[in-house]
Amino acid sequence: MNAHSADIFEAREQGSPMPSHDAGPPGPIAAPTSNHVPQRLSLSPAAAWGWLLGPGLLLLYWSVLSYGGYMDERFLPAPWTAMETGLDLIRDGRLPENLAVSAGRAVQGLVLGVIVGVTLALISGLSQIGGYIIDGLVQLKRGIPVLALIPFMILWFGVGEMMKILVIAITVFIPIYIHTHNALRAIDIKHVELAETLGLNRQQFIRHVVFPGALPGLLLGLRFGVTSSWLALVVVEQLNATSGIGYMVTLARNYAQADVMLVGLVVYALLGLTSDALVRYLQRRLFAWRRTLGS
Amino acid sequence: MSVVVRVRDLVRRFTLKGVLNGIDLDIKAGEFVALIGRSGSGKSTLLRALAGLDHEADGSGELIVPKRLSVVFQDARLLPWKRLIDNVVLGLDGTDVLQRGREALAEVELSGRERSWPYELSGGEQQRVALARSLVRGPDLLLADEPFGALDALTRLRMHGLLRRLAATHNPAVLLVTHDVEEAIELADRVVVLDDGRIAGDITVDLPQGGPERRERAAELQQRLLAFLGVDGRQAILT
């Protein structure tokens, strides 16, 4: 190659090394004034507890109705009644006991559903033949509401724990599969080409490109999956169960104990919120590399 | 010098970006070749054929390329979920890999940024990481597909200097696809012009060292190349 000792661009090249961004004298910065400020389309940073505003307003409305005597206690007990009942249930051990049983079922079903969903998504996302076999079946299953499956599940697996966990797993695996598969197939062809030119083998390709690329999809599926695991839990626990939050609520309904039923609802809400918050925490930890509208 | 790339009667049809109608091309070890041509002339098709990226392409011909081959794309193609150092050494193994990665980043003037995420970098900086990622593999052939096309003029000039220095240090054969005639003359030992899937011109760049004579010869060369591209050189310079 030619040794260009004095080339046509030399004068302009004296500028390197690269300029720093913080050139300029330090000092107070005046607020900018401008006759033209474009409309801001990105959101302002969210306050940490901002999402509590809506539920807070609802609680306030409910309290006012109950305190003013506009709400019949038999239809909807006051917030403080529910609180007292909840504390009683904790003290006599019924709530913790049933909660442990319910959480155990949900977690087992969730873990099973995630394993099955991710495995099937990988097989059907990364091979053409796997896609032909699995994807159609999953789409078919998706068309069948889980409630419609329950008679068959009972026929095959009885009314025991096995059936309950399987129903939860089947409900969970669908969103996990759909979102993971979708993310796998959406991996940028440019990154695939890059992997080819860098000579990555199949395992390296899956580990460095496919898996991290599909992880946002998997986590999104997990958020849906966690929510639907609680949903499936409610359904299976009202079916011939002898323990669990759903059982507690069903029993309360038979005795018209609206306050216990309400405690059950609050527990479900807290469980759903906590698990969703956990998944979102995981998302934040895992996706430090992303800058998006919401971050 | 030994030949590292040998292309004989290469034909590619039914590709998205253009066709090749019988290409013969030799590139010697350490030679810096620029490939110019209009849009759709087949520049990218040829580069993708050399890189082995045209799996679905329909065609024939002989194609010999070195095993150690690196590609720099127009976009930096950094994996957004990997820190810079991990992007640079992606797919390499060995005990000294991280040290080599750090040295490569230092060569592109990005020392101390090893732990940064790609989104924290400017376009030019990202492209420098892509260069480091290519060179850390010690390629015998570096394929570059309009690597500076998306950069601003000033950054592009700096990148020219950097690429020239790196090519001199590592001495791979380089095939640089560009639509910029000035860039081709500035960087390459040899400029190959592609038109309608054929090689329309093959010109050695032997400019004298500096001075007004160099500028004159460069302008002359530029006009010859522009003429190959079907542009009236004088007009193009005036406008």
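Me: Which sense do β6 (residues 141–145) and β7 (residues 173–177) of chain B pair in, and over how many bridges?
Reply: They run parallel, over 5 bridges. Strands count as paired if DSSP finds at least two bridges between them, and strands (E, at least two residues) and helices (H or I, at least four) are DSSP runs numbered from the N terminus.

Me: What stands opposite B:Asp145?
Reply: B:Val177, in β7(B).

Me: Before we go on, what am I looking at?
Reply: This is a predicted model, where local features need pLDDT of at least 70, side-chain atom pairs count only at pLDDT 80 or more, and totals for chains, interfaces and linings use all residues. Residues are numbered from 1 along each chain as its sequence is written, chains are lettered from A and ligands numbered from 1 in the order written, and side-chain values use heavy atoms, with hydrogens and water left out.

Me: OK, what's the strand order in the chain B sheet?
Reply: β5-β6-β7-β3-β8-β9, an open sheet of 6 strands with mixed pairing. At the edges sit β5 (69–72) and β9 (198–204) of chain B, each pairing on one side only. From one strand to the next the twist averages 20 degrees; angles run from 0 to 180 degrees between N-to-C directions, and axes are lines fitted to C-alpha atoms, for helices over the stretch in contact.

Me: Which strands does α1 of chain B touch?
Reply: Helix α1 (residues 43–51) of chain B packs on the sheet and touches β3 (32–37), β5, β6, β7 and β8 (190–195), its direction making about 145 degrees with that of β6(B). Contact here means heavy atoms within 4.5 Å.

Me: And where does α7 of chain B lie?
Reply: Helix α7 (residues 211–228) lies across β3, β8 and β9 of chain B, at about 175 degrees to β9(B).

Me: Switching to chain A: at what angle do α4 and α5 pack?
Reply: α4 (residues 94–126) and α5 (residues 128–143) of chain A pack at about 130 degrees, axes 5 Å apart. That makes α4(A) oblique to α5(A); under 35 degrees is roughly parallel, over 145 roughly antiparallel, 65 to 115 roughly perpendicular, and the rest oblique.

Me: Which residues make that contact?
Reply: Among them are A:Leu120 and A:Ile123 of α4(A) and A:Gly130 and A:Ile134 of α5(A).

Me: What about α9 and α11 of chain A, what's their angle?
Reply: About 165 degrees for α9 (residues 202–237) and α11 (residues 258–286) of chain A, with axes 10 Å apart. That makes α9(A) roughly antiparallel to α11(A). The contact includes A:Trp230 of α9(A) and A:Tyr268 of α11(A).
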